[in-house]
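Trainee: I have a model open and want to learn how to read it. Where do we begin?

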Amino acid sequence: MESLSNKKKVLEQKPLSFMERMYLPAIAKGMGITISHLFKKEATVRYPEVEREFSTNFRGMHSLKRDENGRERCTACGLCALSCPAEAITMIAAERKPEEKHLYREEKYAATYEINMLRCIFCGLCEEACPKEAIYLDGPIVPADYLRKDFIYGKDKLVEAPLEMKK
Amino acid sequence: MDTGFIIEKFILVAVIFGISLVIAMYSTYAERKVAAFLQDRLGPDRAGPFGILQPLADGVKMFMKEEIIPTTSNRWLFIVGPGLALLCACIGTAVIPWGNPIEIGGKTIPLQVTDINVGVLYIFGVVSLGVYGVMIGGWASNNKYSLLSAIRAASQNISYEIAMGLSIIALLLVTNSLSLKEIVSKQHGFWENGWFTWYFFKQPLGFIIFMVCSFAETNRAPFDLPECETELIGGYHTEYSSMKLGFYLFAEYINMFVSSAVMATLYFGGFNYPFMDLAATHWGQNWASIIGVIIFFGKICGFIFFFMWVRWTIPRFRYDQLMNLGWKGLIPLAIANIIITGVVIAIIEKF
């Protein structure tokens, strides 16, 4: 059938010419190419000492943010859990006591907040759903572990370290 | 035969044995490094500075691995195989002249274990014995793939030995001697009577044939069909584990070392180097000899690097291509080389 695009090329297999049958010129050419790579810069990143930089839109481990006064921003509304396509997020809400005002920004807060890192697909929908700007996927790669239960990260691992209070 | 002679030879044998084992050990490291550099990688660099202790780590690993001997194998031959491979690889170094004699305390010590007058034939015999290690190991494993690989190795070695022998005949027409010591001493210096003394420049075609054949004899790429992973899993050492596998791998590198030494001896002047007489008159015969030994090892290392360079460049031959090249390519070429050499020698001598 006639080719419409006219891009089709029929390759014909020719018998090798004398130079090709000698192998040596082709081998010399190939060896020239490989030896030129001896002087090229290696592509290897020496990992534990040198870390490759992540791209700007990289999504890693979650972190629960604090506000400028060092209070947790999360109000346990559950929108992140609702938006999560992998159902990796659970939380239990609690009401803030008057003496805890310096700890939590809103009147309601997450008493426990757990993300199952084995379920999480790092899509970033929780980040988008959050009305309080409390959760961001800006951490490193989630490290390996031995037991499934150890992949359920609680607040101890997720909440940002307390801010250095400025005086 | 006095005790001094025995001690002298014993020390020489021990030193050469040690050197060839160390070189084989570091060839494994060099191979990985060369491969890495040719592929824009780093290679092993964790064990010690630049990964210099990697061969030791590999050796320890090999020794610590579990030793498995298949129940259906021929136990005795299964054990003999790797030993034979390593033995045949090692004894090839006995006739290679490593340098000019050194004088210590008025005693002349030749840097060659033994100068037998059929040194080239001895090398040939030992190299072709080497394939028995592979064959016996492959057969004794009682594994189809190992057997296929062993058969491949045997037929490959037989095919290429012919071309190798024929290429040597042309060289022998020039040298008139089978003793490696004499062959080297005829390549004295670098330039004489208006032409290079090294036999490479008198026998370029013979050298190329010899080199291709020694690639095939040592089962190195592009002729490494006996251990072709895609078709034969691991080849003849599929069933081997622990240090027996180590012996096979080691034997390959020692073979490479020996054939590099033979190539350097036969075609690249052995321990000869330009201006060696000048060096001897300036610094004395001993220093000139030692420089010669160093230069000889430099040539050997160059050849070993070449072996690796080729391995990381050229893909493996197909089996029919291998046989075609051996029987239809190299053997006629080698015969033509003999004829041309004979005619040229006759013209030079008679006219």
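Mentor: Begin with confidence. pLDDT is the predictor's confidence in each residue, from 0 to 100. This is a predicted model, and the mean pLDDT of chain B is 84. In chain B, 99% of residues reach 70 or more.

Trainee: Where in chain B is confidence lowest, and where is it highest?

Mentor: First the general idea: where pLDDT is low, the predicted coordinates should not be read in detail. Here the lowest mean, 72, falls in helix α8 (residues 229–232) of chain B. The highest, 88, belongs to helix α2 (residues 54–64) of chain B.

Trainee: What ipTM and pTM does the predictor give the complex?

Mentor: An ipTM of 0.72 and a pTM of 0.80.

Trainee: How many residues does each chain bring to the contact?

Mentor: Chain A gives 11 residues and chain B gives 11 residues. On the side of chain A that touches chain B, five are nonpolar, four polar and two charged.

Trainee: Now a helix pair. At what angle do α3(B) and α4(B) cross?

Mentor: Angles over 145 degrees count as roughly antiparallel. The axes of α3(B) (residues 75–91) and α4(B) (residues 119–140) cross at roughly 165° and come within 8 Å. The two helices are therefore roughly antiparallel to each other. Their crossing is left-handed.

Trainee: Which residues of α3(B) and α4(B) meet?

Mentor: From α3(B), they include L77(B), F78(B), V80(B) and L84(B). From α4(B), they include V126(B), L129(B), Y132(B) and I136(B). The residues of this α3(B)–α4(B) contact divide into 15 nonpolar, four polar and no charged.

Note on methods: Residues are numbered from 1 along each chain as its sequence is written. Chains are lettered from A and ligands numbered from 1 in the order in which they are written. This is a predicted model: local features need pLDDT of at least 70, side-chain atom pairs count only at pLDDT 80 or more; totals for chains, interfaces and linings use all residues. Two residues are in contact if their C-beta atoms, placed from the backbone, lie within 7 Å. Ala, Val, Leu, Ile, Met, Phe, Trp, Tyr, Cys and Pro count as nonpolar, Asp, Glu, Lys and Arg as charged, and the others, Gly among them, as polar. Helices (H or I, at least four residues) and strands (E, at least two) are DSSP runs, numbered from the N terminus. Axes are lines fitted to C-alpha atoms, for helices over the stretch in contact, and angles run from 0 to 180 degrees between N-to-C directions. Angles under 35 degrees count as roughly parallel, over 145 as roughly antiparallel, 65 to 115 as roughly perpendicular and the rest as oblique. A crossing is left-handed if the near helix is turned anticlockwise from the far one by less than a right angle, and right-handed if clockwise.
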